[in-house]
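I opened the notebook with the model on screen and wrote down what I looked up, entry by entry.

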Amino acid sequence: MDWQERLISLFVYICKHYESGLWVFGQRLSPNIYAKFSDCEVITVYIWGIFRGFQEIKDIHNFINEVIETF
């Protein structure tokens, strides 16, 4: 399984659990109702960054920006 398939599997897993009750513990606190990312996507990116060895949110953000720029 390549990294894209792992990332998609992680996203599906998180969405399944988010919709079945995890949302209570990870609900977005921003008043922005027109967010560019869903809560499931944000949680997936954060966990993916941790899997990749990043510990700081800033490092995860920079990593994801680099990945996005390659597409």
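Which exposed residues does the face of H3 turned away from its buried side carry? I found Lys58, Glu66 and Glu69 there, where exposed means over 50% relative accessible area, buried under 20% and partly exposed in between, with a 1.4 Å probe and protein chains only.

Before going on I noted the basis: this is a predicted model, in which local features need pLDDT of at least 70 and side-chain atom pairs count only at pLDDT 80 or more, while totals for chains, interfaces and linings use all residues. Residues are numbered from 1 along each chain as its sequence is written, and side-chain values use heavy atoms, with hydrogens and water left out.

**Overall layout.** I listed 3 helices and 0 strands, running α-α-α from the N terminus on; helices (H or I, at least four residues) and strands (E, at least two) are DSSP runs, numbered from the N terminus. Of the 71 residues, 17% count as buried. I also looked up contacts (heavy atoms within 4.5 Å), and among those between residues at least 6 apart in sequence, 49% join residues at least 24 apart.

**Helix H3.** The buried residues of H3 are Ile60, Phe63 and Ile64. They cover an arc of only 95° around the axis, so they lie on the same side of H3, the arc being that of the directions from the helix axis to the C-beta atoms. These buried residues pack against H2.

**Thr44.** I then turned to Thr44, which is found in helix H2 and counts as buried because its relative accessibility is 4%. Leaving aside residues up to four places away in sequence, Thr44 touches Leu7, Leu10, Phe11 and Ile14.

**Largest pocket.** I recorded a volume of about 670 Å³ for the largest pocket. Of the 21 residues that line it, the closest to its centre are Glu41, Val42, Val45, Tyr46 and Ile64. On a 1 Å grid over the protein atoms alone, a pocket is an open set of points where a 1.4 Å probe fits, with protein on both sides within 12 Å along at least five of seven lines, and lining residues have an atom within 4 Å of a point; the volume is the space filled by probe spheres set on the points. H1 (3-19), H2 (39-51) and H3 (57-69) each supply at least two residues of this lining.
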